[in-house]
Structures are given as structure tokens and as C-alpha cells.
Amino acid sequence: LFILMLSILGFMGCTAQNGSSIDSKEAYGLIKVDSNIAILDVRTAKEFADGHVAGAVNIDVNQTDFAQKIDQLDRSKTYIVYCRSGRRSSKAVGIMATKGFKNLYNVSDGFVGWNKNGLPFVK
């Protein structure tokens, strides 16, 4: 199983440069095998407080200072970006890509999918 996940990670590492879409189960699998992946929650502070993926950093994509806050992040890291349903995170990934971030994954089913799939989260 570990070798399979490493193979998937290697393949996804090649495609992540363009901001690949993955679902919540794939995101959870990547997080489990690579503790260096950064998790970015782009929902509102209230949504974040109601429940979020463990280890996630919250930067609301709809706030006027989103671009400035993103500029402070390490561009060499791999980022898994999520919101409620995948729309705002897709927007965030687009902004990040234009700012030079290379390894980006958008969680296409968002936190809704994360919950639907019974994946763990914290409040």
C-alpha cells in the first residue's frame, strides 16, 4: 500500500504543477503519506472554526488581503487547497499559480466531500 501511495504521489507531483484537482479521499491519502504537505483552507473564519482538516491554515480567499497573505507562504511547498465545495479553492489555486506556486492541488469536492466520506477533522 505504501509503495502504491508513493507511486501515486510521484505521478501527482508531475501534474500538480498546473493545479490538479483531486477529491477529498485522494487529498487525505496524500496528507497521510507526506507530512510536509501544507493544507490551506480558503473558507471564512467562521467556517474554519466550525470544523477543518487537522493542520490546515486558514486564509479566506474572499478577503482583500488574500494575495498579500499568500505572498508570505513558501512557494517550494506542495499545497492542498480546499473550501466548502471546490469553487473558492479553485479560485485560490488560480491566484497562487499566477504568483509562482508550482505544486498545487484543489480538493474538488471540498469540505462537504471530506465530511461525506467520513474523513477526520477538528473543531
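Guide: Ser-24 sits in helix H2, which spans residues 24-33. Helices (H or I, at least four residues) and strands (E, at least two) are DSSP runs, numbered from the N terminus. This is a predicted model, in which local features need pLDDT of at least 70 and side-chain atom pairs count only at pLDDT 80 or more, while totals for chains, interfaces and linings use all residues. Residues are numbered from 1 along each chain as its sequence is written, and side-chain values use heavy atoms, with hydrogens and water left out.

Confidence next. pLDDT is the predictor's confidence in each residue, from 0 to 100. Its mean over the protein is 90, and 85% of the residues reach 70 or more. Residues 11-17 stay under 50 in pLDDT. For that stretch the model has 13 contacts beyond four places in sequence; a contact means heavy atoms within 4.5 Å.

Back to Ser-24. Its relative accessibility is 0%, so Ser-24 counts as buried. The classes are buried (under 20% relative accessible area), exposed (over 50%) and partly exposed (in between), with a 1.4 Å probe and protein chains only. The Ser-24 side chain makes a polar contact: it reaches the backbone oxygen of Gly-113 at 3.4 Å. A polar contact is a pair of N or O atoms within 3.5 Å; within protein, one must be able to donate a hydrogen and the other to accept it, and residues adjacent in sequence count only if both atoms are side-chain atoms. Leaving aside residues up to four places away in sequence, Ser-24 touches Val-107, Asp-109, Gly-110, Gly-113, Trp-114, Asn-117 and Leu-119.

Tyr-28 is also in H2. Tyr-28 is partly exposed, because its relative accessible area is 25%. Beyond four places in sequence, Tyr-28 touches Trp-114, Leu-119 and Pro-120. Tyr-28 and Leu-119 are 91 residues apart along the chain, yet their C-alpha atoms are separated by 7.6 Å. Across the protein, 68% of contacts between residues at least 6 apart in sequence join residues at least 24 apart.

Now the sheet. Five strands form an open sheet, ordered E1-E5-E4-E2-E3, with parallel pairing. At the edges are strand E1 (20-22) and strand E3 (57-58), each pairing on one side only. H2 packs on this sheet and touches E1, strand E2 (38-41), strand E4 (78-82) and E5. The direction of H2 makes about 100° with that of E1. Axes are lines fitted to C-alpha atoms, for helices over the stretch in contact, and angles run from 0 to 180 degrees between N-to-C directions.

Take the pairings one by one. Two strands pair if DSSP finds at least two bridges between them. Strands of a sheet pair through backbone hydrogen bonds, either parallel or antiparallel. E1 pairs with strand E5 (residues 103-107) in the parallel sense over three bridges. Ser-21 stands opposite Asn-106 in E5, and Ile-22 stands opposite Val-107 in E5. Recall that Val-107 is among the residues touched by Ser-24.

E5 is mostly covered, with five of its five residues buried. In a regular strand the side chains alternate between the two faces of the sheet. In E5, Asn-103, Tyr-105 and Val-107 point one way, and Leu-104 and Asn-106 point the other way.

E4 is next. Four of its five residues are buried, so E4 is largely enclosed by the rest of the structure. E2 and E4 pair in the parallel sense over four bridges, with Ile-39 opposite Ile-80 in E4. E4 and E5 also pair in the parallel sense, over four bridges. Thr-78 stands opposite Asn-103 in E5, and Val-81 stands opposite Asn-106 in E5. The chain crosses from E4 through H5 to E5 in a right-handed β-α-β crossover. Right-handed means that, with the strands pointing away from the viewer, the path from the first strand over the helix to the second runs clockwise.

Helix H5 (residues 87-98) lies across E2, E4 and E5, running at about 170° to E5. Thr-98 lies in H5. Thr-98 is exposed, because its relative accessible area is 69%. The side chain of Thr-98 reaches the backbone oxygen of Ile-95 at 2.7 Å.

Finally, the whole protein. It has six helices and five strands. Along the sequence they follow the pattern α-β-α-β-α-β-α-β-α-β-α. Of its 123 residues, 40% are buried.
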